[in-house]
Amino acid sequence: MSGHTDTTGHSGTTQSGAFEPKIMAFVCNWCTYAGADLAGTSRMEYRPNVRIIKLPCTGRIDPLFIIKAFENGADGVLVSGCHPGDCHYTTGNYHARRRWIGFKKLLEFAGIDMRRLHFSWVSASEAIKWVDLINNVTDEIKNLGPFMEYKGLK
Amino acid sequence: MENALRQKAKELLESGDVKVVIGYGWNRAKTRTTPVFITRPADVDKLVWNPLCVNNLSIYLTRKFKDILALGKPAIVAKGCDIRNIVVLITEAQIKREDAVIIGMTCEGVVYRQELWKGGLKPEMMPTKCHNCDVRNPHVSDFTIGERSTFTPPETPTGMVFDKIKAIDAMDASERWNFWVGEFSRCIKCYACRQVCSLCYCERCITEKNMPQWIETSAHPRGNLSWNLTRAMHLVGRCTFCGECERACPVNIPLNLVNQKMIQVVDSAFEFKSGYDEKTHPPMIVFKPDDKDDFIK
């Protein structure tokens, strides 16, 4: 990972000049990635603002990934994996959930706007849920504007 | 108490049961205490016990100090709060209970600002942890030295740290952000908080991993935030609120606030308090199928 940070302060604009947020999605290989794949093969359309990073399991998602995403200019982060009980590795998402409970409270205490960090369970068959999730998250973050607090750390 | 401690140390060293006694001694100017490592019975008079004994010596049982472990089986002089750290080290398989002799000291509190101490011990001289201490009588030890303390901690925790956490919780997100960015902006990345922490025992810290460089090493607000959040996250469910990180911080970042906040989060979410029971697993390596996940949509 290179340390590129968007120094212009804004993630991107459309041709009409409207703000388009950059959203990082950390997803697990077995459920959410397959769900997103299903959405693609089913030719469902959703907002193009999301950049997906596929990991073996939600248990692989280090909280530092999320901090690093914000550091590198993400306006929002989405973390998603198998529903509880459905983990390919039996317990990975239970461990991840414990970590998120702590991490979410820590970021709240540090004053990071929790509307920029979303957690979700999306299974391999829930393409519609994935599409709705991305659309909702994108619209919410679009309304919030660029994450200037973090990008402005200079 | 001091004499009883020296006597016990002498017995242990003379019997050959332990090779080194890790305890507190005076610094040269007799203004502070400093860790001492007694290997000869003749030197036990160097051990002292007074309200300046603030250091958490449990750090010398970790693999950070291989030269001290090489001396042989240690006996450690420990207050109740230090024993909590030793218990965490046991639950995390860093040491075995029988690897160290714990000389538990009953404790009526330590001094917060050692440089101002003239003698005596009043509640207003103590840090927040002492006001709410429930381990003034050591809970895990081989020997206990001192008279039994009759102190009972208040039902709701009191003190500066708890008041400040309440004040920060009452702020809105942008105020909290500005508060923490302001505090962390002073960070000079000296890593004293890590070096002094007995639970930061990784052989290679994440901040030293530079392929890729996860945490910016320069004293820049972005890397400072990343470092301090990561440090706090790595201590979730483990920190015992011994307060050494804040004491060691040369720029007075209120690390106790974030550590105590996470202790409260762990207590309410997982009903766990670290450092009391050596048989219980730390909360972040276990789970319950019904952990609360109302924020996960």
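**Figure 1. Helix α3 of chain A is largely enclosed.** Of the 19 residues of α3(A), 15 are buried, so the rest of the structure largely encloses this helix. The model shown here and in every other view is predicted. Helix α3(A) covers residues 92-110. Gly111(A) follows α3(A). The phi of Gly111(A) is positive, near 90°.

**Figure 2. Chain A holds an open sheet of 4 strands.** The strand order is β2-β1-β3-β4, and the pairing is parallel. Strands β2 (50-55) and β4 (117-121) of chain A form the edges, each pairing on one side only. From one strand to the next, the twist averages 20°.

**Figure 3. Strands β3 and β4 of chain A run parallel.** Strand β3(A) spans residues 76-81. It is joined to β4(A) by 5 bridges. Val79(A) stands opposite Phe119(A), a residue of β4(A).

Figure 4. Helix α1(A) runs from residue 32 to 41. The strands it lies across are β1 (23-28), β2 and β3 of chain A. Relative to β1(A), the helix runs at about 115°.

**Figure 5. Two domains of chain B meet.** The domain assignment gives domain 1 as 2-145 and domain 2 as 160-285. Their centres, taken over C-alpha atoms, are separated by 24 Å. Domain 1 of chain B brings 24 residues to the contact, and domain 2 of chain B brings 21. On the domain 1 side, α3 (80-91) and α4 (128-131) of chain B each supply at least two residues. The largest share of that side comes from α3(B), with 9 residues. By class, the domain 1 side divides into 9 nonpolar, 8 polar and 7 charged residues.

**Figure 6. Chain B touches chain A.** In this contact, 37 residues of chain B meet 31 residues of chain A. On the chain B side, the elements giving two or more residues are α6 (173-184), α8 (221-234) and α10 (255-270). Helix α8(B) gives the most, with 8 residues. The chain B side has 26 nonpolar, 4 polar and 7 charged residues.

Figure 7. The bond runs from Met211(B) to Pro212(B), with omega near 0°. Pro212(B) sits in the loop between α7 (192-196) and α8 of chain B. Most peptide bonds are trans, and most residues other than glycine have a negative phi.

**Figure 8. Tyr191 of chain B has a positive phi.** The value is about 60°, although Tyr191(B) is not a glycine. The residue lies in the loop between α6 and α7 of chain B. Around Tyr191(B), 18 other C-beta atoms fall within 10 Å. A residue needs 20 or more to be buried and 12 or fewer to be exposed. Tyr191(B) is therefore partly exposed.

**Figure 9. Phe241 of chain B also has a positive phi, and is buried.** Phe241(B) is not a glycine, yet its phi is about 65°. Its place is in the loop between α8 and α9 (244-248) of chain B. Phe241(B) counts as buried because it has 23 C-beta neighbours inside 10 Å.

Note on methods:
Residues numbered from 1 in each chain as written. Chains lettered and ligands numbered in written order. Predicted model: local features only at pLDDT ≥ 70, side-chain atom pairs only at ≥ 80, totals over all residues. Pairing = 2+ DSSP bridges. Axes fitted to C-alpha atoms, helices over the stretch in contact; angles between N-to-C directions. Contact = placed C-beta atoms within 7 Å. Domains from an automatic or database assignment. Nonpolar A, V, L, I, M, F, W, Y, C, P; charged D, E, K, R; others polar. Expected span 1.5 Å × (residues − 1).
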